[in-house]
Amino acid sequence: MNDKIFTKPIKKQFEFDEEVAAVFDDMLSRSVPFYKESQKITEFFAMKHLEDGSIMYDLGSSTASLLINISKKLKCKATLVGLDNSEAMLEQARRKCHALGADVELENADILEYDYKKADVFVSNYTLQFIRPLVREELVKKIALSLNKDGIFIFSEKVISHHSKLNKDLIECYYDFKKEQGYSEFEISQKREALENVLVPYSEEENIAMAKNCGFSHCEVVFRWANFATFIAIK
């Protein structure tokens, strides 16, 4: 289904409800620049760290597209676990997994409270930015503690610049991208308002510092387009 959620006036803050879940795959492809490319990089690094007995967690797995793709390509017996707190998203994910025959475990869970087993890969695609800064670092510490030595955490985030003029230009560049995808000025402004105080992004430097402060030995950007970035953090 095509994303037409913000063609009408908004009445609430953004949330991952049934309406969003129904159009989420289309929303992602039209709202996140080079989403498929960043996901291919994520798949590449994830699969290099998975072997027989490995566990991979996708935090905020939404409709499970990433896990389904990895499941179809895996040559080893690893456990792929998708965690999300939106039942509407999980329903979409279950239907896709069933239709495509993907071996993926899906759970309705609070990623802040979940009892993780020792894993080799954690992934978080545009999920951390929806977690309040006060508890965001606690989650990243928990991820680091739950990873085996040399395990990886791959996360994609919207990022800001602390240079005010550059930050304004990055946002304008992104809005031009959205217009090219068919979104109107009204839809763009509606979504911006709905996400106000819900999505709280860090800068590239702040994300890297957070990872290092939370127990990772190394962190760097492996893909970036304007104000969207994919990071890899190594235990």
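Modeller: Buried means under 20% relative accessible area, exposed means over 50%, and partly exposed lies in between (1.4 Å probe, protein chains only). This is a predicted model, numbered from 1 along each chain as its sequence is written, where local features need pLDDT of at least 70, side-chain atom pairs count only at pLDDT 80 or more, and totals for chains, interfaces and linings use all residues. Side-chain values use heavy atoms, without hydrogens or water.

Start with the whole protein. Of its 235 residues, 52% are buried. It has 8 helices and 8 strands (DSSP runs numbered from the N terminus: H or I of at least four residues, E of at least two).

The largest nonpolar core has 31 residues (a core is a set of buried Ala, Val, Leu, Ile, Met, Phe, Trp, Tyr and Cys joined through side-chain atoms within 4.5 Å). Six residues touch the most other members: Tyr57, Leu83, Tyr116, Phe122, Phe153 and Phe216.

Zoom in on Leu83. Set aside neighbours within four places in sequence. Leu83 then contacts Tyr57, Asp58, Leu59, Gly60 and Ser61, and also Glu107, Ala109, Ile111, Tyr114 and Tyr116 (contact means heavy atoms within 4.5 Å). Both Tyr57 and Tyr116 are among the residues that touch the most other core members. Across the protein, 74% of the contacts with a separation of 6 or more join residues 24 or more positions apart.

Next, two loop residues. Ala226 is in the loop between β7 (218-225) and β8. At 19% relative accessibility, Ala226 counts as buried. Its phi is near 50 degrees, a positive value in a residue other than glycine. Phe34 lies in the loop between α1 (18-31) and α2. Phe34 is not a glycine either, yet has a positive phi of about 55 degrees. Phe34 is partly exposed, at 42% relative accessible area.

Last, a residue on the outside. Lys40 belongs to helix α2 (residues 35-48). Lys40 is exposed, with a relative accessible area of 57%.
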